[in-house]
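Hello,

Here is the structure for your files. My notes on what was found follow below it.

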Amino acid sequence: MKLPSPVRRKHSRIEIIPLIDIMFFLLASFMMVSLQLDQTQNIKVALPPSTQAAHDFKPDMINVAVDRVGGVWLEKNKITLAELGASLSNRFKLNPDAPVFISGDRDTLHGAMVDVLDTVRRAGVQKVAFMVEGGEMQTNNAP
């Protein structure tokens, strides 16, 4: 025999509209945070232009910059070429797939960039790229 309970049972309802609002808020928040993660840790240099530049970001990338006078910077810290080689060797042992991005000021001498590239290659890094500024390439039409 089934006895009725003296306490009246309420049927619960799940309101879906507030859940949708919360999900859209979380989605927008994560999108805004992910856009902020795109900032690279590097000094400001005037990059040379390139017509084939593509935006690329990897969280484990290593940024090396060469300033106008040939000074080497590793993620906003000025270092020597020997310190760069040692630091890259240590990082390469931890993560052999870490890419290295080299950015040089537009007025940097070619020899300074080659020295940095040689140091990076001696450290064992194979994934090396040069950062350039996207945009139209200027052409000089000389007669």
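Five bridges join strand β2 (residues 62–66) to strand β5 (residues 100–104), and the two run parallel. Within this pair, Asn63 stands opposite Phe101 in β5. Strands pair here if DSSP finds at least two bridges between them. Helices (H or I, at least four residues) and strands (E, at least two) are DSSP runs, numbered from the N terminus.

Please note that this is a predicted model: local features need pLDDT of at least 70, side-chain atom pairs count only at pLDDT 80 or more, and totals for chains, interfaces and linings use all residues. Residues are numbered from 1 along each chain as its sequence is written, and side-chain values use heavy atoms, with hydrogens and water left out.

β2 and β5 belong to an open sheet of five strands in the order β4-β3-β2-β5-β6, with mixed pairing. Its edge strands, β4 (77–79) and β6 (128–130), each pair on one side only.

Two helices lie across these strands. Helix α2 (residues 81–94) lies across β2, β3 (72–74), β4 and β5, at about 25° to β3. Helix α3 (residues 110–122) lies across β2, β3, β5 and β6, at about 170° to β5. Axes are lines fitted to C-alpha atoms, for helices over the stretch in contact (heavy atoms within 4.5 Å), and angles run from 0 to 180 degrees between N-to-C directions.

On confidence, the mean pLDDT (the predictor's confidence in each residue, from 0 to 100) is 77, and 74% of residues reach 70 or more. Over residues 136–143, pLDDT stays under 50.

Regards
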